[in-house]
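Have a look at it first.

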Amino acid sequence: MQSTRCPSLRTAVLAALLTVSAGCAAQPAVTPTPPPVAADAPPPPAPPPPGVDPRPLADAASMTTTQGTVARFLTNPDGDVDGFMTDDGTFVRFPPHMGAQLTSALRRGDLVQVSGVREEGGSFAAQRITDTRTGRQVIDEPPMRGRPPLPRTARGAGLSSLSAQGQVAHVTTAPRGEPDGVILSDGTVIKLTPPVAQQFATLVRTGATVSAQGYGTRNQYGTALQATAFGSPGNLTPLYDRNAPMR
């Protein structure tokens, strides 16, 4: 009797185990439900418009604000408006691609508030300019991508041979604070390279009387030239040919 019962018992137990295993395998997988999103949760940040490279303003710790009246616009040797002088002699500069927008929004005599960074040389690098009367703002934003650069052969094609002479009202500086040119009392901009400016330390200073020859532009906003000869009136030194001074 035992020999016939034991196989039957083992068979019954094995069948029961197989039934339980099949039932467990048949249960569907449970996917966890994500937590609900709050109704007032902020939306994800929107991507920048196509072709625009967003650039944040300068670190808040380095930002400062000044106020003054636009006395005159200033240009670079290519004829682009890239700055203005205020009535108290502050030189406010900004990228040339902002020039057209700025001259459309502002006029000489407008009182403006300027937010930006005061540089080592005393100039003010503007990032936001506000007309205090109209509230119109011009903000430093990078130019749109996709614009083909000016061909190298065309660069400088519109420059003319120019000369200038007068009293230095302001010394311009490079980003590190080294002198790189002067602004005369009539608003004429004379650009030099920092190494050249350092060689004329007695002339590249406020109040000095200087003379220059070079290539640049003259338009309704002013005159600017890149100097090829610089010095005092009647005693010009060629900057790219040191053989003899020009008389």
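How many salt bridges does the structure hold? There are two, taking a salt bridge as a side-chain nitrogen of Lys or Arg within 4 Å of a carboxyl oxygen of Asp or Glu. Before the details, some housekeeping: this is a predicted model, where local features need pLDDT of at least 70 and side-chain atom pairs count only at pLDDT 80 or more, while totals for chains, interfaces and linings use all residues. Residues are numbered from 1 along each chain as its sequence is written, and side-chain values use heavy atoms, with hydrogens and water left out.

| R93 and E119 | 2.2 Å | 26 residues |

Strands here are DSSP runs of E, at least two residues long, and helices are runs of H or I, at least four long, numbered from the N terminus.

Which of these residues are buried? Buried means under 20% relative accessible area, exposed over 50%, and partly exposed in between (1.4 Å probe, protein chains only). E119 counts as buried because its relative accessibility is 15%, and D180 is buried too, at 11%. R93, at 30%, is partly exposed.

On to the greasy bits. A nonpolar core is a set of buried Ala, Val, Leu, Ile, Met, Phe, Trp, Tyr and Cys residues joined through side-chain atoms within 4.5 Å. The largest one has 20 residues, and I190, L192, V204, V210 and F230 touch the most other members. Strand 7 (160–173), strand 8, helix 3 (194–199), strand 10 (209–219) and strand 11 (222–232) each give two or more residues, with strand 7 giving the most, at four. A second, separate core of 16 residues includes F73, L102, V112 and I129.

Finally, what lines the largest cavity? The residues are T66, Q67, G68, T86, D88, T90, V92 and V114. Strand 1 (residues 64–75) gives the most to that lining, with three residues.

Key
1 Å grid on protein atoms, 1.4 Å probe; cavity = no way out; pocket = protein on both sides within 12 Å on 5 of 7 lines; lining within 4 Å.
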